[in-house]
Amino acid sequence: MTAETLLVRCAVCGRAFAPPLQVDRATLEALVVSNRYECPHCGSVAVYVKADHFHRLEVGRERGV
Ligand SMILES: [Zn+2]
């Protein structure tokens, strides 16, 4: 069983976080995403478009990022 987490990368601190909006790849492609998120790491608020989103496949322990 696999699970994918939708993440965005903070433009300020560069760290990834999971936005409240969680959709799969196909849904993300169909959406015009432009959402305002607050980064949980540094507190910066920015608008994120589709290109800022990426999926990370969760396979057991986290690696990278
Ligand atoms: Zn940040």
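**Figure 1. Strands β3 and β4 pair in the antiparallel sense.** In this predicted model, β3 covers residues 34-38 and is joined to β4 by five bridges. Within this pairing, Asn35 stands opposite Tyr48 of β4. The two strands form a hairpin, and six residues lie between them. Gly43 sits in the turn and has a positive phi of about 80°.

**Figure 2. Strand β4 lies largely in the open.** The strand spans residues 45-49. Of its five residues, the number buried is zero, so β4 is described as lying largely in the open. Tyr48 belongs to this strand and faces Asn35 across the pairing.

**Figure 3. An open sheet is built from three strands in the order β2-β1-β5.** The pairing in this sheet is antiparallel. Its edge strands are β2, residues 16-17, and β5, residues 53-58, and each of them pairs on one side only. In general, strands of a sheet pair through backbone hydrogen bonds, either parallel or antiparallel.

**Figure 4. Strand β1 pairs with β5 over six bridges.** Strand β1 comprises residues 3-9, and its pairing with β5 runs in the antiparallel sense. Leu7 stands opposite Phe54, which is in β5.

**Figure 5. Val23 lies in the loop between β2 and α1.** The helix α1 covers residues 25-30. Val23 has 16 other C-beta atoms within 10 Å and is therefore partly exposed, since a buried residue needs 20 or more and an exposed one has 12 or fewer. Leaving aside residues up to four places away in sequence, Val23 touches Leu6, Leu28 and Leu31. The C-alpha atoms of Val23 and His55 are separated by 9.3 Å, although these residues are 32 apart along the chain.

Figure 6. Along the sequence, the elements follow the pattern β-β-α-β-β-β. The chain has 65 residues, of which 8% count as buried. Among contacts with a separation of 6 or more, 50% are between residues 24 or more positions apart. The mean pLDDT of the chain is 88, and 88% of its residues reach 70 or more. Confidence is lowest in β5, with a mean of 90, and highest in β2, at 96. Where pLDDT is low, the predicted coordinates should not be read in detail.

Technical notes. Residues are numbered from 1 along each chain as its sequence is written. This is a predicted model: local features need pLDDT of at least 70, side-chain atom pairs count only at pLDDT 80 or more; totals for chains, interfaces and linings use all residues. Two strands pair if DSSP finds at least two bridges between them. Helices (H or I, at least four residues) and strands (E, at least two) are DSSP runs, numbered from the N terminus. Two residues are in contact if their C-beta atoms, placed from the backbone, lie within 7 Å. pLDDT is the predictor's confidence in each residue, from 0 to 100.
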